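The following exercises are to be worked through with the sequence and the model side by side. Each task is followed by a solution in steps.

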Amino acid sequence: MACKFYLHKGLTKKSLHGRPWIYINEINEYDGDYVNGDIVEVYDFKGIFLGKGYVNDKSKITIRIMTKNIEEEIDEDFFKERFSMAWQYREKIIDTSSCRFIFGEADFLPGLTVDKFEDYYVIQISTLGMDKYRDTVVKILKEDFNAKGIYERSDISTREIEGLEQKKGFLTEPFDTMVQIVENGVKYYVDIENGQKTGFFLDQKENRKAIHRICKDADVLDCFTHTGSFALNAGIAGAKSVLGIDISQHAVDFATRNAKLNNLSDTVKFECHNAFDVLADWSKEGKQYDVVILDPPAFTKSRDTIKGAKRGYKEINLRGLKMVKKGGYLITCSCSHYMSEELLSETIMNAAKDAKRQLRQVEFRTQSSDHPILWGSDESYYLKFYIFQVI
């Protein structure tokens, strides 16, 4: 019989409204025995069933809810059904040749990420409870989704909070981990073994497509270019010239390789620079572009560092704005959950005031729809993406 956990009075509202996490300070008592990683049941203070999921008392997020159906067994059939639901959703809303297949809590499989790159899959497991189901996940991907190869990228520090070691490696027979994909008509090499995260940032897929019309016949500057994805989309869209910059020479070399793959080497160039430093220098020199793209890494990954992150976002947007020709366009975003939409908007507005430029909003977007935002699970909403005309 599953161990039963009971929450404090007054601390069940978020759970009732869909949040799949139960924090340790919300738990009043429990009845029964458990081992970390076990499936347990959760009840409110009146004894009303709220859901069941796996437990780990080493983590502040002590229980992660997987189902609200007390009769539902969490076994291989459960995972098959969850995977089927996730796939049917993505088939309906996005090109599935390469996409995020499983997005953790938003697909009701907390602690699990699965990215699909053509016929190869990369999985990332962040929690002890989900770690127990690795073999089940691999079996389903092979048998039900025809995986040619599966690679694990659980080399993330959050596993240590769960009492787990970081882990990466093949979960099938070894294969060439430099995979080629096509997105929005752009070809990419994806290094699923050593690239950042799972090898490629799929969450900007639809945002990259959204810049095509703006970049046609334009001189474009793409900052924090990484593997060159925005720069290459600008090039494919017919930009006159594109310069992508990144602080990492490895990223610059990789992006240059992607440009060659797309026969864009004459139009799309990459250079190694620190964006914060070089934008200030270029602004003083009077350099300007029709389109400036800012896609920085997350400046904050916790509430404790929001103040510093706000300064970083203001500074990079201030410098970016000064590089935009009058009537040109600024494309700017944040991939941090903790940098809220309201806070980011306020920060960009303050940057525009200091730059003495006025902004006309063209579009606001979030992460691609294969990274669905689950209402009630605030952490599933993290990417904010703006397109402005700079007046």
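**Exercise 1.** In which sense do strand 1 and strand 3 pair, and over how many bridges?

*Solution.* The model examined here is a predicted one. Begin by locating strand 1 at residues 4–7. Its pairing with strand 3 is antiparallel and comprises four bridges.

**Exercise 2.** Describe the open sheet of seven strands, including its edges.

*Solution.* The strands follow the order 16-15-14-17-18-20-19, and the pairing is mixed. At the edges are strand 16 (268–272) and strand 19 (359–365), each pairing on one side only. Neighbouring strands are turned against each other by 15° on average, direction ignored.

Strand 14 (residues 219–223) and strand 17 (residues 289–294) run parallel and are joined by four bridges. Val220 stands opposite Val291 of strand 17.

**Exercise 3.** Which strands does helix 12 lie across, and at what angle does it run to strand 20?

*Solution.* Helix 12 covers residues 341–355. It lies across strand 18 (324–334), strand 19 and strand 20 (384–390). To strand 20 the helix runs at about 25°.

**Exercise 4.** Characterise the second largest pocket by its volume and its lining.

*Solution.* The volume of this pocket is about 260 Å³. Its lining consists of 13 residues, and those nearest the centre are Lys14, Arg303, His337, Asp378 and Glu379. Sorted by class, the lining contains three nonpolar, five polar and five charged residues.

**Exercise 5.** How many helices and strands does the protein have, and why can it be called as compact as a globular protein of its length?

*Solution.* The count is 12 helices and 20 strands. The radius of gyration is 23 Å, whereas the globule rule gives 21 Å for 391 residues; the two values are close, so the protein is as compact as a globular protein of that length. Taken along the principal axes, the C-alpha atoms fill a box of roughly 70 × 50 × 35 Å.

Conventions. Residues numbered from 1 in each chain as written. Predicted model: local features only at pLDDT ≥ 70, side-chain atom pairs only at ≥ 80, totals over all residues. Heavy atoms only, no water. Pairing = 2+ DSSP bridges. Helix = DSSP H or I, 4+ residues; strand = E, 2+ residues; numbered from the N terminus. 1 Å grid on protein atoms, 1.4 Å probe; cavity = no way out; pocket = protein on both sides within 12 Å on 5 of 7 lines; lining within 4 Å. Points joined across faces, edges and corners; volume = space filled by probe spheres on them. Nonpolar A, V, L, I, M, F, W, Y, C, P; charged D, E, K, R; others polar. Axes fitted to C-alpha atoms, helices over the stretch in contact; angles between N-to-C directions. Contact = heavy atoms within 4.5 Å. Rg over C-alpha atoms; globule rule 2.2 N^0.38 Å.
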